[in-house]
Amino acid sequence: DCADVKHLFYYGAGVNTPASREIVQQLFTPLFPQATILVESDILGAARALCGRGPGVVAILGTGSNACQYDGEKIIASAVNLGYLLADEGGGYDIGKRLLRAYYYGQMPRELSLRFSEIAPESTGKLVQTLYQEAAPNRYIASFTRFAIENREDEFVKEVVRSAFQSFTHDHLLKYKSSLKIHFVGSIASYFCAELNEVLAQSSLTLGEVIQKPIRGLAKYHQDDTLWETQ
């Protein structure tokens, strides 16, 4: 019964301002009238899941991407969020876009290109038409990352992924304290952990923990009921 819920913790993408947190909280309040409700951003959720109450650099690599430096309590520095049209380096959208461009520009090796043709739109015109018709074109483009996952032993695919991670590292991770381990959450980081480790090492950065989903880490973090006394 929702009326019996005492505490509700919600972490979501785009919930990074007092106004956005208030909007979400107002949606939950009528449904959970007896609950103390905490609404925070997905990047803070990732930091709490991965670092608990210790410091670290935390990144999300899923459909999109994000990064922050966490002091064990709060985020003290975060990546500039320009939206998927200008950013999201290293995420599924970025990798999918690189694969599509390589295919239609004729840059893929022949055998790999033949495999990709089985899932790609039949022409650039059809691709553009589909993109304009999609409600979430970034998710459509990111869906082609499944091809990279299925062919992740292919050297061309590895280079595409490494290139995406190099952009993410250069644009976002190098600004943080280099002595801290860099922890990741998200499907892209999880599937391409080896390439991620390689790219970080090239910049003298240290890979920390990599998890696909943050829920277990968050559950562990919130088991301490005394947290509510300090909010």
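Is R162 buried or exposed? R162 comes out buried, with a relative accessible area of 10%. Keep in mind that this is a predicted model. Some notes from going through it:

1. Start with the partners of R162. Its side chain meets that of E159 in a salt bridge, 3.3 Å from N to O. Both residues belong to helix 8 and sit three residues apart, so about one helical turn separates them. While R162 is buried, E159 is partly exposed, at 41% relative accessible area.

2. R162 also forms a salt bridge with E198, this one at 3.6 Å, N to O. Here the pairing links distant parts of the chain, since R162 is in helix 8 and E198 is in helix 10, 36 residues apart. E198 counts as partly exposed because its relative accessibility is 35%, and the band for that label lies between 20% and 50%.

3. Now the two helices themselves. Helix 8 (residues 155–173) packs with helix 10 (residues 193–202) at an angle of about 45°, and the axes are 9 Å apart. That angle makes helix 8 oblique to helix 10. As for handedness, the crossing of helix 8 and helix 10 is right-handed.

4. One more charged pair is worth a look: K158 and E153 meet through their side chains in a salt bridge, at 3.9 Å from N to O. E153 counts as exposed, with 64% relative accessibility. The count for the model comes to eight salt bridges, taking a side-chain nitrogen within 4 Å of a carboxyl oxygen as the cut-off.

5. Helix 2 (residues 42–51) is another story. Nine of its ten residues are buried, so the helix is largely enclosed by the rest of the structure. Among the buried ones are I43, L44, A46, L50 and C51, and R48 is on the list too.

6. Last, the surface. V80, L82, L85 and L86 make a nonpolar patch of about 450 Å². V80 is found in the loop between strand 5 (75–78) and helix 3 (92–104). With a relative accessibility of 53%, V80 counts as exposed, because that label applies to values over 50%.

Note on methods: Residues numbered from 1 in each chain as written. Predicted model: local features only at pLDDT ≥ 70, side-chain atom pairs only at ≥ 80, totals over all residues. Heavy atoms only, no water. Patch = residues over 30% accessible without salt bridge, like charges linked within 9 Å, V, L, I, M, F, W, Y side chains within 5 Å. Areas by Shrake-Rupley, 256 points an atom, 1.4 Å probe, with all protein chains shown as cover. Helix = DSSP H or I, 4+ residues; strand = E, 2+ residues; numbered from the N terminus. Buried < 20%, exposed > 50% of the residue type's maximum accessible area, 1.4 Å probe, protein only. Axes fitted to C-alpha atoms, helices over the stretch in contact; angles between N-to-C directions. Parallel < 35°, antiparallel > 145°, perpendicular 65-115°, else oblique. Left-handed = near helix turned anticlockwise from the far one by under 90°.
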